[in-house]
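Here is a short briefing to read alongside the model. It starts with the whole chain and then moves to a few places worth a look.

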Amino acid sequence: KDNILTGGCDVYEYDMKHNVGYKSINNKKVTTNAFYLQDIWNIDKHWNLTPGIRIDHHSDFGDHTTPAITLGYKQSRNTNYYLSFKKFFVAPDMYQLYAPGFGNPDLKPAEGQTWELGVNHTFTPTFTGSFDIYKQHANNMVLWSDNAYENVGKSDSHGFSIRLNKAISKHLHANAGYTYTYVNRASSEKNSSYNGFLPKNTINLSIDYSNAKTDAYISGTGML
């Protein structure tokens, strides 16, 4: 099919009736209603274009519209590339807003936009990998600082990630990944890693096993 249209809605309600450890959250209620629509347009056997839009209504922060678009190119059966642009809206959660001692009821939602360029490749039927680079501009990111949550103003960041996946056997799979993230010191009120809150280098390793009756998973993360 040349076009695949997908739409839907999300309804979330967070209602904290009683929390012994965080009494200031008791009887707090937050609702979010969202509608989204996406169209996958297969232009020809190599190119596809996927525009989308999401509209959120948050009980505390009002209405927000976040469009997105992705251009894909399938070079061969084993290799495809993509270029994407999307806007985002992330509201602070109830603990960030109301938790005693470190909550901040004056927090604003994080908003911004992200560009991403990536490639996915199948080396063999049992070995795949992906690589992507990104650039992001954000306003009011919510981070932990000086024993409280706060907005950090404007920030510009960029980075890249590499992921490898190997099927060792029918039931056993191994995964490895590395991510580099840099936040521009000049455009953020924090230093280049938000005072250590956001690591520059992250390594993820995992092994998972599954059969008809058993699932097991071991993972590890290293941050520098």
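Among contacts in the chain between residues at least 6 apart in sequence, what percentage join residues at least 24 apart? The share is 48%, where contact means heavy atoms within 4.5 Å. This is a predicted model, so local features need pLDDT of at least 70 and side-chain atom pairs count only at pLDDT 80 or more, while totals for chains, interfaces and linings use all residues. Residues are numbered from 1 along each chain as its sequence is written, and side-chain values use heavy atoms, with hydrogens and water left out.

**Overall layout**

- Along the sequence the pattern reads β-β-β-β-β-α-β-β-β-β-β-β-β-β.
- Of the 224 residues in the chain, 28% are buried; buried means under 20% relative accessible area, exposed over 50%, and partly exposed in between (1.4 Å probe, protein chains only).
- The chain's accessible surface is about 14100 Å², and 57% of this belongs to carbon and sulfur atoms; areas come from the Shrake-Rupley method with a 1.4 Å probe, and for residues only the protein chains shown count as cover.

**Strands E2 and E3**

- Strand E2 (residues 28-42) and E3 run antiparallel and are joined by nine bridges; two strands pair if DSSP finds at least two bridges between them.
- A hairpin of four residues connects E2 to E3, and Asn42 stands opposite Asn48 in E3.

**Salt bridges**

- Side chains of opposite charge can pair when their charged atoms come close.
- The count comes to four salt bridges, each being a side-chain nitrogen of Lys or Arg within 4 Å of a carboxyl oxygen of Asp or Glu.
- Arg54 forms one with Asp10, with the closest N and O atoms 3.2 Å apart.
- Because Arg54 lies in strand E3 and Asp10 in strand E1 (residues 3-16), this pair ties together parts that are 44 residues apart in sequence.
- Arg54 also forms a salt bridge with Asp56, at 3.1 Å between the closest N and O atoms.
- Asp56 sits in strand E3 (residues 47-58) and is buried, at 8% relative accessible area, whereas Arg54 is partly exposed at 25%.
- Around Asp56, the residues in contact include Thr32, Asn33, His64 and Phe89.
- Asp132 pairs with Arg163, with the closest N and O atoms 2.8 Å apart.
- That pair links strand E7 and strand E10, with Asp132 and Arg163 31 residues apart.
- Asp132 is buried at 7%, while Arg163 is partly exposed at 35%.
- Shared partners join Asp10, Arg54 and Asp56 into one network of salt bridges.

**Nonpolar surface patch**

- A nonpolar patch on the surface has about 1100 Å² of accessible area together, and its members include Trp41, Trp47, Trp115, Phe123 and Phe131.
- Patches are made of residues with over 30% relative accessible area and no salt bridge, with like charges joined within 9 Å and nonpolar side chains (Val, Leu, Ile, Met, Phe, Trp, Tyr) within 5 Å.
- Strands E6 (110-124), E7 (127-139) and E10 (154-167) each give two or more residues, and E6 gives the most, with three.
- Phe131, found in strand E7, is partly exposed at 34% relative accessibility.

**Asn151**

- Asn151 is in strand E9 (residues 148-151).
- The side chain of Asn151 reaches the backbone nitrogen of Lys108 at 2.8 Å.
- A polar atom of the Asn151 side chain also lies 2.8 Å from the backbone oxygen of Asn140.

Methods:
A polar contact is a pair of N or O atoms within 3.5 Å; within protein, one must be able to donate a hydrogen and the other to accept it, and residues adjacent in sequence count only if both atoms are side-chain atoms. Lists of a residue's contacts leave out its neighbours within four places in sequence.
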